[in-house]
Amino acid sequence: MSGLINTVGDQNLAYVLLSLITEIKKDNLCIIAENEVQKEALEIIVKDFLDILSIYKDKLKKIKIPNILIVTVDEYYDKWEDYSGYRLVFLEDSNLKWSALSILSKYLKDTFKKYKSLEFVYQDLSNIIVLVDSLLSKADLDILSMDLENKDEKKKRENIEKNFFSYFLENLKNKAKVTLATKILLYIAEKMYE
Amino acid sequence: MKRQNKIGFKRFQQRFYRIYKPSPDLGKNDLIKLFKKFSKRADIANVIIRFIGKMDVNSLARELRERSVIVSAMDIFNILEKLRKNGYLYIAGTSIPKRKPVEENVQAVSQVVVTPQQPIEHKVIEADEIIKAPSIPPEALDIDIAPEIQAISIGQIVEMTSVIPTHLSKIVDGVRDAQIFERYLEINEYIKAIVLASREANIVLCSVYRDINITDSIALALLATISEHSESVAQVLNLGEFKETVVNAERYFIMLSRLKYDVVLATIFEGSIALGLMIRDFLSLKREIVELMS
């Protein structure tokens, strides 16, 4: 497993996993690996994650996991027009300045260092998705996606975010996971209502 | 190697169909500041942030031009890539390229060049009514016939073959595969013709014409004339290396530039085009072709 992680890179892997779980609009997602070796490593990792996530798939109401295709960069550019309409995940974009990405990347690295396995990460991510989906199904969250100027509306939004934080803390216990879950929720809510 | 070249050209083509999205951590004001910083133009920033994530590079450029912002697709691509490399944007997807029918006149034929190494291929037509001319054996005439000369009898057909120098055929493939000319025709309705020609081989490599009565042979002649005179003038007056020439006629502009390998690029624009737009698009087109050549 450490060979697979080293081949892909923890930042790249975090970007792939985060893109996968937050893509709610496209049915298909295409991951573009640098080379054949990286492609094979990603296929194993993504399959392992999806195997764990599939246990919870039927519980999800708002979040849907897209179909995933993994290609090398040459394979992609050779037939790039065929992938128009896919959500594209270029590993070069893993340097994106996104706080959720930094949190997940660090969490991934620390967990693997401690347990020499990513299973806990997959399980935690699956739990986060279920909790986020549950909140999205119960509450009307369009206020989270708005550019608010009104003071009262801003206050209302802050209170909603605090409630979510408490909800996640109760279920996830760990502050880093809670912060990640909150960021994922805000991101998905914004996408849903844009 | 050929496949790698093809992939390279497709990579080149794909860039203009990319849809970029900003990092989720960036608000509207953050984006405006960043675009102003990286583009150094407030007019671009205010428009782009309305459409980023929804439009591809080509469409963004078109949208800006409709708002009288003089900018090319290449300019937009460069700005977005800078932001991407700095971690502010990512590629979310691509749009589907539209295939517009364009009046395309592509000539890739030069005269036959027969060398001793290339035998002339010929077919013999046999028909009942044709009277075959008697062939006189060489020994009867006591003539030494060089090996490269073969007797040609009535009815034989010499096949003509087209030849583009190898180092130029790569450029032709790139321009076609990346659909460079088509893109510029689409984005700039003032363009009437784009011609890429080789002075060395004296052929037109690629050309497109739209509602203008010009053929490749005429284009070749005018390119040769303009570029030769421009070079002479630059030399005589000690102006430095000749780069571009603009010809301003009553109904049209012609912009012409000399590139590597003695290749000439020329574009004919309708006379009503804004000069700034014409120069920007021509230089952007030139940059793309130079990038393909390198």
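Predicted model: local features only at pLDDT ≥ 70, side-chain atom pairs only at ≥ 80, totals over all residues.
A salt bridge here is a side-chain nitrogen of Lys or Arg within 4 Å of a carboxyl oxygen of Asp or Glu.

B:Arg84 and A:Asp93 form a salt bridge, and their closest N and O atoms are 2.6 Å apart. The pair crosses between chains: B:Arg84 is in helix H5 (residues 73-85) of chain B, while A:Asp93 is in the loop between strand S3 (87-90) and helix H5 (99-115) of chain A. Are these two residues buried or exposed? Both B:Arg84 and A:Asp93 are buried.

Over all chains, the search of the whole structure finds 26 salt bridges. I will show two others. In chain A, A:Lys47 forms a salt bridge with A:Asp51, with 3.0 Å between the closest N and O atoms. Both residues lie in helix H3 (residues 36-53) of chain A, four residues apart, which is about one turn of the helix. A:Asp51 is partly exposed, at a relative accessible area of 41%.

In chain B, B:Arg41 forms a salt bridge with B:Asp43, and here the closest N and O atoms are 3.3 Å apart. B:Arg41 has a relative accessible area of 22%, so it counts as partly exposed. B:Asp43 is also partly exposed, with a value of 36%.

Next, a charge without a partner. B:Lys10 sits in helix H1 (residues 2-14) of chain B. B:Lys10 is buried, yet it has no salt bridge. Which side chain of opposite charge is nearest to B:Lys10? That is A:Asp78, at 4.2 Å. Apart from neighbours within four places in sequence, B:Lys10 is in contact with A:Tyr77, A:Asp78 and A:Trp80.

Now to the surface. A:Lys97, B:Lys37, B:Lys40 and B:Lys82 gather there in a patch of positive charge. Of these, B:Lys40 is in the loop between helix H2 (28-39) and helix H3 (42-51) of chain B. With a relative accessible area of 70%, B:Lys40 is exposed.

Helix H3 of chain B also holds B:Ile44. B:Ile44 has 1% relative accessibility and therefore counts as buried. Leaving out residues up to four places away in sequence, B:Ile44 touches B:Ser39, B:Leu64, B:Val69, B:Val71, B:Ile76 and B:Ile79. For a sense of distance, the C-alpha atoms of B:Ile44 and B:Gln13 are separated by 23 Å, and the two residues are 31 apart along the chain.

Another helix to look at is H8 (residues 180-187) of chain B. Six of its eight residues are buried, so helix H8 is largely enclosed by the rest of the structure. Those buried residues are B:Ile180, B:Phe181, B:Arg183, B:Tyr184, B:Leu185 and B:Ile187.

Finally, chain B as a whole. Chain B has 10 helices and nine strands. It has 294 residues, and 44% of them count as buried. Among contacts in chain B with a separation of 6 or more, 66% are between residues 24 or more positions apart. The accessible surface of chain B is about 16,300 Å², and carbon and sulfur atoms account for 54% of it.

Note on methods:
Residues numbered from 1 in each chain as written. Chains lettered and ligands numbered in written order. Heavy atoms only, no water. Patch = residues over 30% accessible without salt bridge, like charges linked within 9 Å, V, L, I, M, F, W, Y side chains within 5 Å. Areas by Shrake-Rupley, 256 points an atom, 1.4 Å probe, with all protein chains shown as cover. Lys, Arg positive; Asp, Glu negative; His and termini not counted. Charge placed at Lys NZ, Arg CZ, Asp CG, Glu CD. Helix = DSSP H or I, 4+ residues; strand = E, 2+ residues; numbered from the N terminus. Buried < 20%, exposed > 50% of the residue type's maximum accessible area, 1.4 Å probe, protein only. Contact = heavy atoms within 4.5 Å.
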